[in-house]
Amino acid sequence: MNVNQSVPPVPSFGQPQPVYPGYHQSSYGGQSGSTAPTIPYGAYNGPVPGYQQTPPQGMSRAPPSSGAPPASTAQAPCGQAAYGQFGQGDIQNGPSSTVQMQRLPGSQPFGSPLAPVGNQPAVLQPYGPPPTSAQVTAQLSGMQISGAVAPAPPSSGLGYGPPTSLASASGSFPNSGLYGSYPQGQASPLSQAQGHPGIQTPQRSAPSQASGFTPPASGGPRLPSMTGPLLPGQSFGGPSVSQPNHVSSPPPQALPPGTQMTGPLGPLPPMHSPQQPGYQPQQNGSFGPARGPQPNYGSPYPAAPTFGSQSGPQPLPPKRLDPDAIPSPIQVIEDDRNNRGTEPFVTGVRGQVPPLVTTNFLVKDQGNASPRYIRCTSYNIPCTSDMAKQAQVPLAAVIKPLASLPPEEASPYVVDHGESGPLRCNRCKAYMCPFMQFIEGGRRFQCCFCSCINDVPPQYFQHLDHTGKRVDAYDRPELSLGSYEFLATVDYCKNNKFPSPPAFIFMIDVSYNAIRTGLVRLLCEELKSLLDFLPREGGAEESAIRVGFVTYNKVLHFYNVKSSLAQPQMMVVSDVADMFVPLLDGFLVNVNESRAVITSLLDQIPEMFADTRETETVFVPVIQAGMEALKAAECAGKLFLFHTSLPIAEAPGKLKNRDDRKLINTDKEKTLFQPQTGAYQTLAKECVAQGCCVDLFLFPNQYVDVATLSVVPQLTGGSVYKYACFQVENDQERFLSDLRRDVQKVVGFDAVMRVRTSTGIRAVDFFGAFYMSNTTDVELAGLDGDKTVTVEFKHDDRLNEESGALLQCALLYTSCAGQRRLRIHNLALNCCTQLADLYRNCETDTLINYMAKFAYRGVLNSPVKAVRDTLITQCAQILACYRKNCASPSSAGQLILPECMKLLPVYLNCVLKSDVLQPGAEITTDDRAYVRQLVTSMDVAETNVFFYPRLLPLTKSPIESTTEPPAVRASEERLSNGDMYLLENGLNLFLWVGASVQQGVVQSLFSVSSFSQITSGLSVLPVLDNPLSKKVRGLIDSLRAQRSRYMKLIVVKQEDKLEMLFKHFLVEDKSLSGGASYVDFLCHMHKEIRQLLS
Amino acid sequence: MATYLEFIQQNEERDGVRFSWNVWPSSRLEATRMVVPLACLLTPLKERPDLPPVQYEPVLCSRPTCKACNIDMPALIKLFPSFQFPPAYGGISEVNQPAELMPQFSTIEYMIQRGAQSPLIFLYVVDTCLEEDDLQALKESLQMSLSLLPPDALVGLITFGRMVQVHELSCEGISKSYVFRGTKDLTAKQIQDMLGLTKPAMPMQQARPVQPQEHPFASTRFLQPVHKIDMNLTDLLGELQRDPWPVTQGKRPLRSTGVALSIAVGLLEGTFPNTGARIMLFTGGPPTQGPGMVVGDELKIPIRSWHDIEKDNARFMKKATKHYEMLANRTAANGHCIDIYACALDQTGLLEMKCCANLTGGYMVMGDSFNTSLFKQTFQRIFTKDFNGDFRMAFGATLDVKTSRELKIAGAIGPCVSLNVKGPCVSENELGVGGTSQWKICGLDPTSTLGIYFEVVNQHNAPIPQGGRGAIQFVTHYQHSSTQRRIRVTTIARNWADVQSQLRHIEAAFDQEAAAVLMARLGVFRAESEEGPDVLRWLDRQLIRLCQKFGQYNKEDPTSFRLSDSFSLYPQFMFHLRRSPFLQVFNNSPDESSYYRHHFARQDLTQSLIMIQPILYSYSFHGPPEPVLLDSSSILADRILLMDTFFQIVIYLGETIAQWRKAGYQDMPEYENFKHLLQAPLDDAQEILQARFPMPRYINTEHGGSQARFLLSKVNPSQTHNNLYAWGQETGAPILTDDVSLQVFMDHLKKLAVSSAC
């Protein structure tokens, strides 16, 4: 993208910078920077070093940037600064401004390669401020895209091919490695500014054009060093500091340097550089974090001029874009963490953008739902649908109604309104919430959603104080909090009867495969103890949940485990065509009462089927049986299905092997994601009606058609777990851990969720694991704390800036003790008439969550190619709209990204090259379907790490440090062969060992004497009593604890064949399956934007 | 042979055969004019303690189309001219005659050594939708029965309620059962698949030589030798619970009888075709769901009555009947039989299920509760043994009837199904189940009796030579309860007589008892498919024609009408038959009618006659117990009456006797004779109860007692409220009815018989 273009850079540089400035100006105001640029550079250089300093600066912001700052400040002035700050606000601004300042300098640097570097850091600061404007404008001029592209080609080539790394590295993209370098990108600028300059120049000069690039280029030179260093996350370190825009600036600086270093490399390709600049800006804007970038940005920004300058530079570098100069997720994350992780997030103010999901923060509920429950793509909604259409920014909320909270935060209070039930608006049925307006002395209230005026029932009457607030507002959760629960009355229950406690039914495949792998024995053994940990409510002594057992192959075996029996009784149902439940009494039992019988049963199951030769299984009848059992018992519940093979036995839902990789990239590819028969949907519907949630554990040896089998779990709010080629020795820990968590987690049953909105917008689309029989009610047979529903809103009328937009999500569910409740989450958003406000209050992570889900659903009906194109187009439109309407005028060659969205391209690229949308040769059809359905109910934090994995260096930080080491960008270039890295994306966990890792390290971690003796593919680290081993194992444990699924560790050695697998997750690099590298994609995006603008 | 009576009796004892005519009219035309068809009651397995089975196989007539068994009586050889002695008989001499050639062996039984002997099979199909005490009693009965079964017999258990469970009997530890939905009809193939009885293809091919032994193996899970799983099964039965599915107020329990039976049939069909097996269905109520459902589960809708059926208002009847008929036919084809033990206060759907027992030769038992001695003893009696220590049951019989060429076979009525064997001796005119010369009787006991109807086909213009005899041979292949295959062969010959010249002979050889029963069977058979009044009209017309043919009278002079001795009782039988529950459905539920008809169609002549015209004994101080007329005039105040209707034993104390008993005279030493008088009928009743199967309902009542209705409904209403001419005399009790009395009936009969109008 944008980045781009640095081609022009060189020339442009000078100019470009100006451009930037422009942008920046707006944001940065920095334009000043423009002038500054040069200075900045100097500053930058200074900064670099300073960066680190900067951090402090961050604090002081101004200070660091100080020199630059001024400029930045100048820039800062720009609304942008403010924007960025928005949520965060002032602080950011402050810093940002500083940043900008820096950037300015940076920008200058741009001019000079170095500048970029400087910029980045600066950017960081700028971030705060500039963010908005952010932008990154990479100068397109450079743009390599077009012409640039042409030119770029080389560059790109560079990036890619040659570059691969270093050389190209400078090539920038190439350096995707650098990616990690986002920061770098930014940094690069900085760096460029700094040392780079020199280098860059050279390169640039070479590139000539890519002046902007040059910076990168400069980086390029550095590359070598960069690469190494960068990865280390030096940049990170720095960046992290920089973090959020706010703080960011400072940190960025510090890091940036490092990053930048890399950046420099990146710069190589002009393209990059341009981009970088652009990016950087963004980053700056958005994240302060990517300090590198930011810096760069900053520089650019500040230096908007800088940018310009960069652009200028870019031109030079056109050839390559400095990976370090493009927005770095790492940097952004770090900055946000530093800026916002320290103080609680107080929800009282309407339209605040919460901290990033990667930031640890506490929430104080003061009237709006915690971001743990609801996150929005934008906290400022355009007032009119025209604006919304113009911006193309999806308006969506990612809702996790039963999210679990950290122990420090209180779970929602339960409110009992007595027999009359929760107080609601008579017209729209919205529930009483803090936004309801009491009038006429408290005798009536006006609904905040539909404006209907309702009488206050006498028993609820309360006087108002002088501000019009009820006197008891703070005594009543429903009047003062964003999230709370109501006790439901019998009217809210099925058949007007209070529900019975739910039941869990364990349904175990006992066909040959399941027995042979030892699964059945393992599972039965585990269940014996696991049954003591069924979820229970509050302080209940024992769980109210009843359990039942079924085994099956091509027939089903039900077990009567009534407590009065001496031995369990088995009842075989072979009429799988027309499933039914053969017994009522004794099937679902209380664990404690029937413990002896259950234990006896679990002891006998593995024995009974030990000699089985039955290989065929059924599937639909099994679920049907469970559902019928729940129906017969008149309760909701959950089925735990442990299944091994494609159900080919003669029965409803019989499947055939239709795995056909030839369909990939054809119009028929979508059929791979669609269920084979309609039987599964029909069944799912019945399950939902009964409140029967299905959790599926798959243990396939070969194709099992996950796309079809997962339909029921998907529609019933269940989960799918897949353990390919399950072997007890290797997968036991993962399976048992998942199982334990799944069985123990708190679940709501038979739930209906409804999202009400204030007049003007309306929930129109829903994504997630649930079923909908009409257009408004989300029906969830089961809902646990991990499941998320993404809701998209559209305008159906004008919104009002004054009253904002309100969301109320009401979830009616049955708790695990059988209590019927309503959980209410309220959230108030701002409305805007200026597009800039929208862009200033976006959350890229949430946006990506929405877009991924949208795309993943799209593949069901459209060719994958079309889905990808749609995403790219939408993204380009969003950015182009920003560029056109919000960014200050600048050269067309500049890529300018909104601060809040500067990571959009990199993240979007990750989505585009994900297994579902661009499968590699080694990805099975089942894997794709599996991932597809997983993503559908992921929350923002999960999609964030899933698409952009975390890469943590292990030996760089001091061994005593107890905190997680700062991450590095997911690019091969960031890997040092003398270090080890952990990579995790929420599903996979790799330990990459560099070939030249110190022997002592190898010894203390693997207990072998040399690198060559490490077993490739090892999944367990030996338990050794030394600090390093403890630290690494502790880190692994803590990573696992953060994720909802157990991540199996795979040790990958450098240059080993397993490394291919590992590299698949280095998402900033070009992927084997054809996925673009970050840099390339950025260029491409820039081109798209330019096309849209012209 | 002094009299025909003696001859008839002797024949019955020796061969188990009673003919309506013992001298046969020699032409087709004349035979039809005899009104009562040439027919016989055959009791194929009549107990013959004096008949030792021979240990070799029968010799067949070598003419392929004949295949008659080689039997005694040189005369017979003439009748089957083609008969040739096979070589085995080369050693015949005067001193070493094979049994076949000895005159007293007109019936002979062969034991066949060939073929694998498979054990008897008893498959219990048990309803669990019972009241607790009923279920308990049933469980005890079943547990008890295990000790009565032959030790090597295979037993199986299917229980049903809302679901049907087939219990696996072989397993240790966890008890297993296969469960089926009670609402879904399954084909035999499906059932076998679901029970895992179809052997996997692979092992079968590999183990081809072992196959024969494997065969029983496949089913061992469900059918096990009693001696092996005695304990297990006893425990299993002990643990049987009532159907656990909740039955809400106002509903009947859901009972899947239709599917349960279907599964039982399918199970045996797949595993032991053509082996003696009893499916014993114990049910406590009507099937309320699935195929074969008789009534819905809404209690407010009562089960169909005759009224509903007449109005075509029994919505489930046709479908259910079809279901059970299909099952019965399949069962019969496999040589198994189905018993139905239905114990409930209301109807249980016997009407629909009757064919299961009727077509397969199974038993049908109806009672009020499993917790009654009626059921318990009846059930126990099934397992009684004969003088040889063998069970009185036989399985999978085929009855093959052969006739000499002047006769053709018109059909059979009894617990049998047609095997559809056409042949030259099969008539086109069907009476009963016709169109075949072979029938299958899947379950039979020593009293099982079939009515077999013939047609004389000899043309009038082809006279039979003087002294010619017609011959009929009955060949019954069956599986003896000892699991041997046996063949019993009975050969009968009777004289032909020319009606013109020898009408008296023929008249004298008329067996009016057999004729009454045979005609009654025809009537009942028709009643199954025709409207009641039509059947009665048909019977009346036959009676009138018979009277016209054989009565002596002057035209138009009813008073001159006389019948000879050999016909004199016949009209009276018909009178009672018309009033019997076999033809009258008034006051009987459809189930009861089916039950009565079932037994009527399988009992021997004596029992059948009792059913038609109950026996009434009188006990009084005036003399020893004596049979008295079944007439209201027999009901006197100073008598104790004992009535045996086959289905009920009624002891009725006259008014005076009842008062005496109430006053306690029987307890006073000085009136010990009264005590004895009271005791006498009880003892006699006990005797009947002991011998009868099924056990009759035992009713002890007195004058004015509500249960006296059983007696009052049976006696001839010679005195009613309409003709109290004898009022004030000790002439009996008036019956409050509008039914005609025997006297009126006879008057009308005479009038019609002598009338030239008809």
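Mentor: Start with B:K184, which forms a salt bridge with A:D575; their closest N and O atoms are 3.0 Å apart. The term salt bridge is used for a side-chain nitrogen of Lys or Arg within 4 Å of a carboxyl oxygen of Asp or Glu. The model is a predicted one, in which local features need pLDDT of at least 70 and side-chain atom pairs count only at pLDDT 80 or more, while totals for chains, interfaces and linings use all residues. Residues are numbered from 1 along each chain as its sequence is written, chains are lettered from A and ligands numbered from 1 in the order in which they are written, and side-chain values use heavy atoms, with hydrogens and water left out.

Two salt bridges are found across the interface of chain A and chain B. Nine residue pairs, both residues at pLDDT 80 or more, are in polar contact across the same interface. A polar contact is a pair of N or O atoms within 3.5 Å; within protein, one must be able to donate a hydrogen and the other to accept it, and residues adjacent in sequence count only if both atoms are side-chain atoms.

On the side of chain A that touches chain B, the elements that give two or more residues are β15 (569–573) and α28 (595–608) of chain A. These labels come from DSSP runs, helices being H or I of at least four residues and strands E of at least two, numbered from the N terminus. β15(A) gives the largest share of that side, five residues. By type, the residues of the chain A side divide into 16 nonpolar, four polar and three charged. Here Ala, Val, Leu, Ile, Met, Phe, Trp, Tyr, Cys and Pro count as nonpolar, Asp, Glu, Lys and Arg as charged, and the others, Gly among them, as polar.

β15(A) also pairs with a strand of the other chain: five bridges join it to strand β8 (residues 175–181) of chain B, and the two run parallel. Two strands count as paired if DSSP finds at least two bridges between them. Within this pairing, A:V572 stands opposite B:Y178 in β8(B).

Next, the extent of the interface. The contact takes 23 residues from chain A and 19 residues from chain B, where contact means heavy atoms within 4.5 Å. The size of an interface is often given as the accessible area lost when the parts come together. For chain A and chain B the buried area is about 1,800 Å², and carbon and sulfur atoms give 60% of it. Buried area is the accessible area (1.4 Å probe) that two parts lose on being put together, summed over both.

Helix α28 of chain A, already named, holds A:S600. A:S600 has a relative accessible area of 16% and is therefore buried; buried means under 20% relative accessible area, exposed over 50%, and partly exposed in between (1.4 Å probe, protein chains only). Not counting residues up to four places away in sequence, A:S600 touches A:Q567 and A:P568.

For comparison, consider salt bridges elsewhere. The structure holds 76 of them over all chains. One is between B:R304 and B:D591, with the closest N and O atoms 2.9 Å apart. B:R304 lies in the loop between β10 (277–283) and α10 (306–310) of chain B and B:D591 in helix α18 (residues 590–600) of chain B, so the pair ties together parts that are 287 residues apart in sequence. B:R304 counts as buried at 4% relative accessibility, and B:D591 is buried at 1%.

Another salt bridge joins B:D534 and B:R537, whose closest N and O atoms are 2.8 Å apart. Both lie in helix α16 (residues 532–550) of chain B, three residues apart, about one turn of the helix. B:D534 is partly exposed, with a relative accessible area of 32%, and B:R537 is partly exposed at 48%. Salt bridges that share partners also join A:R741, A:D742, A:K745, A:D784, A:D786 and A:K787 into one network.

Last, chain B as a whole: it has 23 helices and 26 strands. Of its 758 residues, 59% count as buried.
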